[in-house]
Amino acid sequence: MRRSTWSGGWLIGVLIGVQVVAAARPAPGQERLRAGMKDLGIAGGYSISHRTHAGGDDVDGWHVLPHLGFVLTDEQGPGWWRGNFELLAEPMLVHFRSDRDSGTAGGLAALGRWVFATPGVVRPYLEAGVGLLGGQLNFRQTNCDVNYLFEVGPGVLWFVSDTTAVTLGYRFQHVSNGDACDKNLGLNSSVFILGISHFFP
């Protein structure tokens, strides 16, 4: 099975899982997130590149993703869209590898996250962000030491206590160098994330 088909299946599975988990709502609980709260967390991720360009490398990646977040709003919005807006700063360390080469990059991303105010302990979210990666990469998709990063995707916060949540998420990630180097096909990947977050005043 081609890697793009496999990763596309994972995306569909994650989206279905988010809907199923959100539908299985426990009894309504208290408002968990409030404006002014901080979010300190750590996550790990695994990425699989998409076959979007002929001649591109198949690139896997291991991601270390700590973050510091700030909940900027109380619950806002009508109906099912009601939720909280959170802004996150996410340092990252990523080790990319293909059959012919490997490289490690570090960087920083800023993400905006909308956390839906569903009843109970499960809170789905949507997030998107941009960032910079620095490190020696030598793949057909990019061979620059500095790359731009764009990512977007859904996830869930599963609160295991009043202040601590397990995070399960998916991101579509695009890495490119903006034509600063001679190779810039762009590295498009599916990133699967598992982590933990602690919210505090």
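1. Basis of the note. This is a predicted model, in which local features need pLDDT of at least 70 and side-chain atom pairs count only at pLDDT 80 or more, whereas totals for chains, interfaces and linings use all residues. Residues are numbered from 1 along each chain as its sequence is written, and side-chain values use heavy atoms, with hydrogens and water left out.

2. Strand pairing in detail. Strand 2 is joined to strand 3 by nine bridges, and the two run antiparallel; here aspartate 60 stands opposite arginine 97 of strand 3. Strand 3 in turn pairs with strand 4 over 15 bridges, also in the antiparallel sense, and leucine 88 has leucine 111 of strand 4 as its bridge partner. Four residues lie between strand 3 and strand 4, which form a hairpin. For glycine 106, the bridge partner is glycine 134 in strand 5.

3. The model holds eight aromatic pairs, defined for rings of Phe, Tyr and Trp (its six-membered ring) whose centres lie within 6.5 Å, with planes under 30 degrees apart called stacked, over 60 edge-to-face and the rest tilted. Among them is the stacked pair of tryptophan 80 and phenylalanine 116, at 6.1 Å centre to centre and 20° between the planes. This pair links distant parts of the chain, since tryptophan 80 belongs to the loop between strand 2 (60-71) and strand 3 (83-97) while phenylalanine 116 belongs to strand 4, 36 residues apart. Tryptophan 80 counts as exposed at 69% relative accessibility, whereas phenylalanine 116 is buried at 9%; buried means under 20% relative accessible area, exposed over 50% and partly exposed in between (1.4 Å probe, protein chains only).

4. Tryptophan 81 and phenylalanine 116 form an edge-to-face pair, with 5.4 Å centre to centre and 80° between the planes. Tryptophan 81, with a relative accessible area of 40%, is partly exposed. Trp80, Trp81, Trp114 and Phe116 together form one aromatic cluster.

5. A charge over a ring. Arginine 113 lies over the face of tyrosine 125, at 4.1 Å from the ring centre; the criterion is NZ of Lys or CZ of Arg within 6 Å of the ring centre and within 35 degrees of the ring normal.

6. The disulfide. The structure holds one disulfide, a term used for a pair of cysteine sulfur atoms within 2.5 Å. It joins cysteine 144 to cysteine 181, with an S to S distance of 1.7 Å, and the link is right-handed, with 95° about the S-S bond. Cysteine 144 lies in the loop between strand 5 and strand 6 (146-159), and cysteine 181 lies in the loop between strand 7 (164-176) and strand 8 (187-200), 37 residues apart. Cysteine 144 is buried at a relative accessible area of 4%, while cysteine 181 counts as partly exposed at 27% relative accessibility.

Note on methods
Two strands pair if DSSP finds at least two bridges between them.
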